[in-house]
Amino acid sequence: MEYLVPEHQGLAKDGLDKLRQKLPSADEDVLKKVKEEETLFPYLFEIAQHFTRTDLPTALIIWEYILEKAMSKQQKFAITNQIFQIQIATGPWKVAFETAKKLYEDTALEYSSDNLRGLAARENGVAPLLFEAALNLGTIHRLLKELNEAEKLYRRAWNIATFVIDFDRESLAKVHLAICLLDRGELRQAIDTYFRPLMVSKATMKPRTRALYLQYYGNACRSAADWGRAKEYLREALGLVKEMKDVGLVSSCCGDLGNVFRSEGRYKDAEQLFSKHYEYALSRGDIHGLAVACNNIGYLKFYNPNEFNDSVVYQFIAYSLAEQVGDFARMGMAFNKIGKLYTTLGYNDFAVKMFRFAIDRAHRADNVAREGMAWGNLGTVYRALGRFEDAINCHVKYRDNAERRMDIGGVAIMQHQLAMDYILLGKLPEAGSSVLDAFQTLERIRAQVGEEDKSKLSNFEKNQAEAYNLLQVLLVAQGKFKEALVLADASRGRALAEIVRKRLSGCSDTTSREETVTLDEEFITKSFNNLVEVSHKLSTTLVFYSVVKEFDQSGAYFTWVYTWVLGPSGSLHFKKTRLQHGLETKVEVNDEYIVSLRRSLGQQSQKEEVGKILRSCGEQKRVSREAKIHFATLKGEDVLNSLEGFEHEFATGWRNLRIPLKVKDQRIQEHIMVPKEAPKIKEERTSNDSIVSPDSWPVDRLNAEKPTTNKTEPCNVVSPESYEVSSIENALSSGHSKQSNVTKHSVAFDEDDAVSGKSPLVAECQEEDPQDNSKKQSEMEKDKSSFATSEESIQHPLIDSVVSHPCAYLKSDIAKSKISIASKPSGNRIDEEAMTTGPGGSGAPTPGLEHDLTIKLSGEESNSSLQGNNKIEEENSDQFPVKVGGDVSVGTLSGPLNDVVTEVLGADSKVQNNEPQNNPEPDPWIPLLSQLHEILIEPIIHFLPRKEETRRVTFIPQDFLLKVPFAALQSDSRSHYFMEDFIISTSPAVQFLNLACASRETIQQTTAPQELTLLAVGNPIMPFEELPQLPSAEREVRMIKETINSPMSEILIGFQAQKVVVMEAMPKYKILHFATHAIIDDIDSHGDFSMKGLIVLAKSDLECNGILTAEEVMGMELNADLVVLSCCETGLGKVTGDGILGLSRAFLAAGASCVIVTLWKIDDGPASELMMSFYREYKASRDAAVSLQRSMKILQSKEDTRSPQHWAAFSIVGATGLK
């Protein structure tokens, strides 16, 4: 207990006490009844076996009673073997060792006696018993980490099996030898020597031998980050032990499969399986199994910052139960995991002690894998303490250890952590090399996750996203903007693109067809040319956004948005903008900001109970999700359903252990909620989102900034290409307070598998302004801009072009910076470790300045130096831009990753002027939309198509930017919206646009032009009485059919809109329109990558619930050019690197070219009016983006629908304007 911090000691003790109260004890009444009834011997066996499945303490006393009555040596052996197995589960292991030792010695003596009497080997009935006794004694030696003795006994068992010519037992002995190697951490040797060669004889193994072989081979594959094979083998093993009704093995297989899901980042699926493992172990009184389950659950909770205290409690329980049975190796594992958590929380001294303990226990157990992982964790603590050289040594030790053992997950972890070590040491070349190595290793791991869509999505979020982020930052810092763009695009929508590619090719194996992402010149050139080709084919300007974190040597980070603008001609421009502040509101732009914006724009719902009704009447768990699909899927409930027949025996759930725990505040953030009551509506197509009323938007209360005094020195930059700098305008800076996010980026390592990453904020401190200058303050107050931005433009050399790059570095102080010191992990992880970097401090990227530079590619060399002193100042020196005779000189950005070429805009630059408002209380969304325009549009407005060009823009957003209503972004308070000038669409990735173009070209080659065909579904008979009917939706679909006026059109309303009928009709039409209730969970369920989306239809029969799920849609074969989801909030869902997981992705994966969705709750009247206008335009143009722009303009021109509330909710996702 003393090794826990004081605040956890009471919680841990209470948790352990509550658990012990739930554990079963031996029921003496059962034994008394058995004795009184003088039960016959065969029935005694049945009774004992029943309690072995359900109550181990009671089973033990029954088996001991039966042993007294046993007559034959076979009976005594079988009973003693059962007693030994129970002692392994309940402990203490010293008692189990004595039981196994006596059984082995007695059996060996009898075996020798039989041989002396001349009995032939095959006639010797004791040989199988000696084989079993040798395995038992070897197993207890292995559990006690006496591995040399264990190997000797396993080899003797192998010799006995060979001697009696028993191939099944011979295979079983080899499996145990492989397990012994795994316990040493010798992964490669176990796979190459035993597991892989045994695969050829798998079919001849008996069910129990085959189940054990598959279970442990699956575990080995998980450790090798071969998660596709691991899942395959463990599922097969789970099916076998279920048939055998072996509850102990069912329990352990659930835990092992859950570990694979955890490694992939599928935390929700892992949680379900871990809960089953826990329930089985707790109900049976399986102390060791319960220790393993608590270890797994505690580790899973480590990935959720809101459950850190729970994680400590479960790990303490695991430690205590392991101590009870005598599993000292698992005690070390628990210390290792608590140490990682304490590293994350900043309890570094406690963490060091725990890792030292874990290293000692792993060394005593002769487990090189766990010892290496503990060294890696210790390196993370050293980095948090600023001992960077020690951190590097520890991380190199684990990297080399993992590489030798074929633990590629461990290798990836160390490569990533070494990159962070080098960044904090200011060694950028070494950091770049390490992160590139990590990136390539993680690509190898991705190729092994299998065909499941959820696995690909979760693996990227947990294991790859952090490396992609860091590599983009390093490339931008080196001026490699094209390479960074290719990398950003390659990370988007990969799983979706694979599904679509597979449908187009008819190939079932997408992995073999997918091109591995690299950064070699050939891949970069080919990929960039593909981007240009798509832009040219669609006559659209592509705008890419990446939300990234830039770290400095103190471990501080700022969140930036990188923006690339790629034109159809191949011109490329780059811009970076920090997200911390706005002009008026001073609010950090993040997911909460977008949620507040949507709520301020959305209508007040009178049907907010729809989601609750759908869940209570037809929960997604009970909705059939089976569909004829061409890609592999696995749902957590599929695994659990396979365990039917066991659940009734286990009533206790591990969630019952949950204790109210206090959690440290992870982020210090103040908001002012400004309410505005939304108008009431008579009818609405609602979703399940809870309505927050009154609507609100956040305003961060920040202190005003003191003015700063700046100084500059020019510099030289060494670059493969020459740069040329010209000062465009004067420097400008706002008087706003600057805010930064700082993290102690930490990662710890565990014996289980591979890969972890981010760190959210846990503390906050203030940094004082270094200087004060009232004259400078008066100049800065003239400027309204508060964003630090930098921008580059590159002409793509499709033809012979000239290249020139600006070369200037800018550095500025941070006034009144809010810096958060971090050590908690956030959602994206490479493995089971949380990351912590060194102590916090200043030196973050420049706030409060806007930088602008233009780069033109040139084949000519030029002198890149500026006039004056060319020496670059040391990283800790102060260097600020100042006005010198009306001009601006330029210095370096603070921090090693912010050396981006910039020009500083001055007072003449185009900035937002806050004009007086006629309305003293403007609508709350106005400043929010303007701030988004300031961040996302103004930095690139000069690079977007001009009036004489095709003004089509396709946004490729990332993260929370996927939910931005781009059409409504306005440059000022005079309500001039972005959609008035540009034709807008969005896409999860350019890869999807490319495939959509290829699909359309294939269709044009094989079919003649067709007239519009429409399937419109509206106001079905609701499957549940609680759901209101939507009569206006029925009118809407009728009017749409009249507008399209095609004989190939069909509407389904009322009883006609049955689920089966709708699904059969959907593949036949080019336009699909749905006007009904829908529900999408906008809550980011931790680690849940299932497709959360439902469309309400009429029941087809008594067994049908009338719910069309996103996963069912995803499994269909559609031919739709356009899908319109005229329901509320159909554009929402979980945000991933593959886009938003919801109905839009499901329809795109099913074959639709584009989908129109809504971002907030919509008023039925304006929505129907917009739809009518949209279809009139679409009939003429066959272009969804053009049609939506025109229909938005129509509503925006009318007084009663002028507000973006009424028209900006609609957004297009996918490819439009295909010819």
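Guide: A residue is called buried when its relative accessible area is under 20%, exposed when that area is over 50%, and partly exposed in between. The model considered here is a predicted one.

The relative accessibility of S527 is 17%, and because the limit for buried is under 20%, S527 counts as buried. In sequence S527 stands 38 residues from D489, while in space their C-alpha atoms are 9.0 Å apart.

G1018 belongs to strand β14, residues 1014-1020. With a relative accessibility of 0%, G1018 is likewise counted as buried. Its C-alpha atom is separated by 8.5 Å from that of P1031, a residue 13 places away along the chain. When neighbours within four places in sequence are left aside, G1018 is in contact with A1033, V1037, L1052, I1053, G1054 and A1075.

A pair of aromatic rings is described by the distance of the centres and the angle of the planes. The count of aromatic pairs comes to 32. One of them joins F551 and Y557 in a tilted arrangement, with 5.6 Å from centre to centre and 55 degrees between the planes. Both F551 and Y557 are buried. Another pair, Y977 with W1207, is edge-to-face, with centres 5.1 Å apart and planes at 80 degrees. This pair links distant parts of the chain, for its members are 230 residues apart: Y977 lies in the loop between β12 (952-956) and β13 (983-986), and W1207 in the loop between α38 (1184-1196) and β24 (1210-1214). Y977 has a relative accessible area of 4% and is therefore buried. W1207 is buried as well, with a relative accessible area of 0%. Elsewhere, ring pairs link Y267, Y299, F302, Y303 and F308 into a cluster.

Rings also meet charged side chains. The charged end of K397 is placed over the ring of W375, 3.7 Å from the centre of that ring. R951 lies over the face of F982, at a distance of 4.2 Å from the ring centre.

Some features of the backbone complete the account. Most residues other than glycine have a negative phi, and most peptide bonds are trans. A cis peptide bond, however, joins G91 and P92, with omega at about -5 degrees. P92 is located in the loop between α5 (73-90) and α6 (93-116).

Positive phi values are found in residues other than glycine, including N1045, where phi is near 50 degrees. N1045 is placed in the loop between α33 (1031-1044) and β15 (1050-1054). Its relative accessible area is 58%, so N1045 is exposed. E1129 also has a positive phi, near 55 degrees. The loop between β20 (1122-1125) and β21 (1134-1136) holds E1129. E1129 counts as buried because its relative accessibility is 3%.

Methods:
Residues are numbered from 1 along each chain as its sequence is written. This is a predicted model: local features need pLDDT of at least 70, side-chain atom pairs count only at pLDDT 80 or more; totals for chains, interfaces and linings use all residues. Side-chain values use heavy atoms; hydrogens and water are left out. Rings of Phe, Tyr and Trp (its six-membered ring) pair if their centres lie within 6.5 Å; planes under 30 degrees apart count as stacked, over 60 as edge-to-face and the rest as tilted. Buried means under 20% relative accessible area, exposed over 50%, partly exposed in between (1.4 Å probe, protein chains only). Helices (H or I, at least four residues) and strands (E, at least two) are DSSP runs, numbered from the N terminus. A charge sits over a ring if NZ of Lys or CZ of Arg is within 6 Å of the ring centre and within 35 degrees of the ring normal. Contact means heavy atoms within 4.5 Å.
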